[in-house]
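Colleague: Let us go through the labels on this model. I want each one set against its cut-off.

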Amino acid sequence: MGADIVGELIDYQLRVNGHEHDVAEAWLGENLLYVLRERLGLPGSKNACEQGECGSCSVLMDGKLVCSCMVLAASAVGADIVTVEGLSAGENELSDVQAAFLAEGGVQCGFCTPGFVVSVHDLLEHNPDPTELEVREAVSGNLCRCTGYGRILAAVRAAQETRQE
Amino acid sequence: MTVFVPACLEEAFDAFDKCPDAQLLAGGTDFMVEVNFALRRPPAVVCLRKVEELKGWRLEHAEVVLGAGITYAELMGPQLSDLLPGLAQASRTVGSPQIRNAGTLGGNLGTASPAGDSLPVLAALDARIVVASKKGRRSLGLDELIIGPKRTTLGPGEVIVEVRVPAALGSQEFLKVGTRNAMVIAVANVALVVDWAGQSVRCALGSVGPVVIRARDAEEFISSRIDWARRTLTDEGDVAEFTALVRSAARPIDDHRSTADYRRHAVGVCAQRALGRVLADHNGGTWEQTSWAS
């Protein structure tokens, strides 16, 4: 069934990291990134460009990697959303990809890191043994202005090797 | 603002009955930028993400019928890239994985940007675009749907439903010029289709005019010069004439992305390379071995 959402400020529910979250008295034009950060207390996804260029807001929506800034939050009702917070086993644990970023020096200012981590999780989920070209293509929608990408590519390779062990 | 999330076309049409000024939302990759930057605050949005009839694709005789909601990522899948290689090539040049997972073919048509990457391919394939409203359906050519930069002939309450293109037609190439490989809006893009059975070449140019341009003179000229039995050009000098005709078909402008002069140059180079690759493929070589396709 389709859902009609009417009215200036509305309440709805979003399924994020396996839990239903109430979104109360939201403006309907809000994008998913804003709702995640400002209403649901999930600030892992970062806000930089708000136009799909930088990838720092990357999330998985129904298993597909997307920029959450380009998703109308109210249209995501019923979708399964996974943010960077949902990738590790527990609140104080790192996912294997996050651990590889730390170990390989793939993090400098850290702002782009959550987006990269989500993209790399998505890549390794679908392609456990990517070539370097495939890795570069998989992160081509994520911008980093600190590292020059070398340490990030090394981190992806390290995560890939760890998973194959 | 009202957001409708219909599950089928009938519900989408009902939404337009309630809010005739509603804005259609497909993948959101253009629309949400405008909302985020407060350039647009439409009274109502009809989100097409869940509309069942717009999903997927099917083969009908010799035609591929693409649901308007098909994403660029889906167009790059193994089966569709065999059936529609030019469209798969174009899809690969769009944005990033994130954008290709969200952006749709119907959205590219509805946005009607002069730089839309799928559009030259659809023009070169003589695609038919089916639009529907409560009143019924009609089928349009690309030049009947898109009539100016971001201007379409879609009527109130009309939704782009599907795109019909011939399956595995001849040889297809798509080339694009931009400042990097990912996340780039085309400075110029070109689609070339060579229909070996029909003995015709179709060449469409994007980002070099208010709408996609078919380089008809160039098409006719090169079609008359190809040795169709041997699938080759007898006089390689014809390539220069083909390129010149492509360049003169372009109607580019100077803007923040490039200059008219460069765009005219770039479409010529792209069309020449596309032709070189197609002919080389059919002579057992690689395109680099065709001396003029450099």
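**Labels and their cut-offs**

Modeller: Cys69(A) is buried, at 2% relative accessible area. This is a predicted model: local features need pLDDT of at least 70, side-chain atom pairs pLDDT 80 or more, while totals for chains, interfaces and linings use all residues. Side-chain values use heavy atoms, without hydrogens and water.

Colleague: What makes Cys69(A) buried?

Modeller: Buried means under 20% relative accessible area, exposed over 50%, partly exposed in between (1.4 Å probe, protein chains only). Cys69(A) has 2%, so the label is buried.

Colleague: Why is Cys8(B) called partly exposed?

Modeller: Its relative accessibility is 24%. That lies between 20% and 50%, so Cys8(B) counts as partly exposed.

Colleague: What makes Arg92(B) and Glu137(A) a salt bridge?

Modeller: The rule asks for a side-chain nitrogen of Lys or Arg within 4 Å of a carboxyl oxygen of Asp or Glu. Here N to O is 2.8 Å, so the pair qualifies. The rule finds three salt bridges across the interface of chain B and chain A.

Colleague: How many residues are in contact there?

Modeller: Contact means heavy atoms within 4.5 Å. By that rule, 34 residues of chain B touch 42 residues of chain A.

Definitions and conventions:
Residues numbered from 1 in each chain as written. Chains lettered and ligands numbered in written order.
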